[in-house]
Amino acid sequence: AAGLVVADEKGLQAEIVAAFVRQLAQVGRELRRVVMLSVPRSQGPLDGLFGGGDDEERKAREAATLEACGRAGAECTVVRTGGLRGGGSASDSEHNLGKEFYARIVDSVSSLEEELFDMNRR
């Protein structure tokens, strides 16, 4: 893959993203660009006063992605998108696409692991 788009979500581990970038860069040696869609940093009146929590985790994910891209020789752009909408079929969000849509999506982590395994064995 020449490009990768990562949608940053709460709970996404920095090392998982970095490992995925490293793996894609090794397989085929074609990874040239990574784009991370990231929520904006919190900007409240007490921002940073009691520790960043989610903000610190977001910064760690971004830093790990930027570092992995730098080592892989791939360009990396972090795009501050605002709140990413969706939430899957269990969400009451007005942007929910419905159970029929989400039921067609296979387990993404398992699918990626299987695809990476196949790419490594080609």
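**Reading the salt bridges**

Analyst: In this predicted model, arginine 22 and glutamate 15 join their side chains in a salt bridge, at 2.4 Å from N to O. Arginine 22 is partly exposed, with a relative accessible area of 36%.

User: What is the general idea behind such a pair?

Analyst: Side chains of opposite charge can pair when their charged atoms come close.

User: How many salt bridges does a search of the whole structure find?

Analyst: The search finds six.

User: Which residue forms a salt bridge with arginine 33?

Analyst: Glutamate 75 does, and the closest N and O atoms are 2.3 Å apart. Arginine 33 sits in strand E2 (residues 33–38) and glutamate 75 in strand E3 (residues 75–80), so this pair ties together parts 42 residues apart in sequence.

User: How should I class arginine 33 and glutamate 75 by accessibility?

Analyst: Arginine 33 counts as partly exposed, at 37% relative accessibility. Glutamate 75 counts as partly exposed too, at 46%.

User: Where do glutamate 62 and arginine 80 lie?

Analyst: These two form a salt bridge, with the closest N and O atoms 2.5 Å apart. Glutamate 62 is in helix H2 (residues 54–72) and arginine 80 in strand E3, so the pair links parts 18 residues apart in sequence.

User: Is glutamate 62 buried or exposed?

Analyst: Buried, because its relative accessible area is 8% and the cut-off for buried is under 20%. Arginine 80 is partly exposed, at 42%.

User: Which residues are linked with Glu62 in a network of salt bridges?

Analyst: Arg58 and Arg80 are linked with Glu62 in that network.

Technical notes:
Residues numbered from 1 in each chain as written. Predicted model: local features only at pLDDT ≥ 70, side-chain atom pairs only at ≥ 80, totals over all residues. Heavy atoms only, no water. Salt bridge = Lys/Arg side-chain N within 4 Å of Asp/Glu carboxyl O. Buried < 20%, exposed > 50% of the residue type's maximum accessible area, 1.4 Å probe, protein only. Helix = DSSP H or I, 4+ residues; strand = E, 2+ residues; numbered from the N terminus.
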